[in-house]
Amino acid sequence: MLSSTAEKLYWACRYIERAEMTSRLLDVAYRISLTNNKENKNDEWESILLSTAVKEEYLFKNSKINQRRVEKFLFFEESNKSSIKNCVRFTRENFRMVRNRITREVWDVINSTYQELQDISSGRYKSSEIPNLCSWIKQKSSMLKGAIISTQLSSDSYDFMNLGYYLERADNIIRFIDVKNFISPINDKEKENNDYQWGILLRTLAAYTQFRLSYGVNMSQDKIAHFLIFNNTNPRSLFYSLENAKIHLKNLSSFYNLQSGAFSTSRKIISKLSDLTVKEIFDNGFNDFLAQYSDDINNLHIKIRNSYFGGVYNVFED
Amino acid sequence: MIFNEMINNGSIRKPYKKIDKWIKSFAENSYEKKHQEAQRIFKRIGITFSVYEKKSPQERMIPFDMVPRIFTSNEWKLIESGIKQRTKALNLFLYDVYNDASIIKEKIIPAELIYKSRAFESSMVGFSPPRKIFSHISGIDVVRTSLNKFVVLEDNCRTPSGVSYMMQNREIMMTMFPDLFNDNSIESIDDYPVNLRKMLTSIAPASCKNEPVIVVLTPGSYNSAYYEHSFLADLMGVELVQGEDLFTEKDKVYMRTVTGPKKVDVIYRRIDDNYLDPLCFDQNSLIGVPGVMNAYKNGNVTICSAPGCGIADDKAIYSYVPDIIKFYLSEKPILENVKTWNCSKEKDLKFVLQNIKDLVVKEVHGSGGHGMLIGPKATKNQIKIFTKKIKNNPQKYIAQPTLDLSTCPTYTSNGMSPRHVDLRPFCLMGREMNVIKGALTRVALKENSLIVNSSQGGGVKDTWVLRK
């Protein structure tokens, strides 16, 4: 497979995962805004800008933070590289360039999503349509994933697509938890509010009911941290995402019969994570943990790039 | 008298009888519905071409017309043999031009017409490509002017496009109207990608001992024909590459793959000569492959079509094609040329200037329907401007009479109506020579318009060759 093909498959899936994550966030922020009676009504809109890492870009274009503008910025804004509309466009553009590697079914979903999105005007939608728009994106993203799973060959293309999905997801989980951590310092006085915010985080990660199934109705910080970081059955936990990235890197190594630097890096990250406990994470400082794993994920991305996207002989590393 | 391919002398021609019935079987509004459905399918599949508007590329669709264009097997036999003859002669001509130049020595074609042409590629002089073939894929544009007369409008020897539309037009017709294919006995065109791959395999360098590695080289996803590039790579089962995916080392071409460099043996390139190799041609080219020409000339890779092919489809050479056929094959041309005046000849120039309002004037290097004047439809001012241009640069222009292009029934906002059509059949030349039994029919959707180019509002039709 061409190096550039592998890279495009990888990025196509990173972008659609990003679009889905952003619509989840947007949906949740909208939901909070309906019930929130706090003085500063724009808190959630600021935190969503933080967790999608676009606050600076936003403030460059807008003088203040308010619902309508944030919605528009995250969903439609041309200059926001991570806006949902742009992510869908980039996914389609990357897939379009490797049409011969994807099935007709996969192409149909992304192409029709893109075409329909072109017809939705950024000026004319109503705020009340945001939940519908977000669930439409989530639906399309699921359809795309379904088409990939049920029609693509389980070969190297499939592995590169999945790598894109899982790296992007791992990266997003870290940032979401980071924001939660950042906006709500953990202390007992604010416990009620704190639980509420963890709950929101669960909703964003589509894991609210899933959490209750595994841990019961009583939320605690430890339980939630465990669920989002270590739970190996939760498809939106850090461990699950990194473990799956490792599996697909292993598949590639056996498929090409070449051990890659990326695979050994993923193994190291996973084994390091497995050795940790929730208690240790809180004892050693939650922020340090998040910063460290954010670096690790970025490093893994660079290793994947060096191993597969450069078109030079694989570097043998241990 | 304009030839209507469906209705001749007031009655429906035999090959169109079933289609006539089919058209009449549609209820009042159902044709419009089907028409919309067809456009939707095209959009969904993503068959688009890019046009540059407001400085950024926009994706457009080529309008598809559902009424097929039909040829009998005898008609097709004539077209096919004419196309083969022409392609063979043009390849002999190309080999000769870059090697012995006997056609110039014998004064059949003036030397300056060749050596001063922009399409002449001096770096190819003395080079003999595998099987001595330069132009492996030709798309010779043919128009029909009467029941028995087919005329060549222009030759395309470099990288003719449109074959993906030919295939998708068929696909869409078979999906939407399977019954039509049960009722009529139509030649299949499914073999084209297989034949293309066979052809490319057959022209691999002699040094290549294994199954050759073939790639399709595209300028990228913003190119107007990108869809076609990816479509062909897909159906042939080969890689679609851009310049940056390839590199050369020790006069061999490699592609960058996830497991390291892989040697490439045949490049079906869909980029122009000029951009192919910045070391050899335009040094500013970002889409080419530095060093690919050296690899080619050292026999380590085959480029299809060979650089320098353009000299054979140059509009200034066009009027000599009948002489070329006679010179190399000692045959009479099967398909006629359109009468052409070369403004570089003094006598012709005088005639053109006197009769400009009745003629079509074309730039020798123009394409896509741009840079031309249609005399009978031009304003006085346009004629004045063109006259001046011709006088300033006579060698840049040729002129032809306006042709009575045949018409086919076409769906319009006012119902079925005849519209002018042309025809692009595709011919492959490798170990064997092969014309696909189908073609791209382009249709001018505007009433009375003769311009069928997609960039100027032309549409396409499925093209049928009936079995005997």
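Two residues are taken to be in contact if their C-beta atoms, placed from the backbone, lie within 7 Å. In this predicted model, local features need pLDDT of at least 70 and side-chain atom pairs count only at pLDDT 80 or more, whereas totals for chains, interfaces and linings use all residues. Residues are numbered from 1 along each chain as its sequence is written, and chains are lettered from A and ligands numbered from 1 in the order in which they are written.

The contact between the chains draws 23 residues from chain A and 18 residues from chain B. On the chain B side, at least two residues each come from α2 (30-45), α9 (226-236), β10 (239-241), β12 (252-257) and β13 (260-263); helices (H or I, at least four residues) and strands (E, at least two) are DSSP runs, numbered from the N terminus. This side of chain B has 6 nonpolar, 6 polar and 6 charged residues, where Ala, Val, Leu, Ile, Met, Phe, Trp, Tyr, Cys and Pro count as nonpolar, Asp, Glu, Lys and Arg as charged, and the others, Gly among them, as polar.

Chain B contains 15 helices and 24 strands. Its C-alpha atoms fill a box of roughly 65 × 60 × 50 Å along the principal axes. The radius of gyration of chain B is 23 Å, in agreement with the value near 23 Å for a compact globule with 468 residues; the radius is taken over C-alpha atoms, and the globule rule is 2.2 Å times the number of residues to the power 0.38.

An open sheet in chain B is formed by 4 strands in the order β10-β9-β14-β15, with parallel pairing. β10 and β15 (302-304) are its edge strands, each pairing on one side only. The twist averages 25 degrees from one strand to the next. Two strands pair if DSSP finds at least two bridges between them; β9 (residues 214-217) of chain B is joined to β10(B) by 3 bridges, and L217(B) has V241(B) as its bridge partner in β10(B). α9(B) lies across β9 and β10 of chain B, at about 150 degrees to β10(B).

In chain A, helices α1 (residues 3-35) and α5 (residues 84-97) pack at about 160 degrees with axes 8 Å apart. Axes are lines fitted to C-alpha atoms, for helices over the stretch in contact, and angles run from 0 to 180 degrees between N-to-C directions. α1(A) and α5(A) are therefore roughly antiparallel (an angle over 145 degrees). The residues of this contact comprise 11 nonpolar, 4 polar and 2 charged, among them W11(A) in α1(A) and F90(A) in α5(A).

Notes
Parallel < 35°, antiparallel > 145°, perpendicular 65-115°, else oblique.
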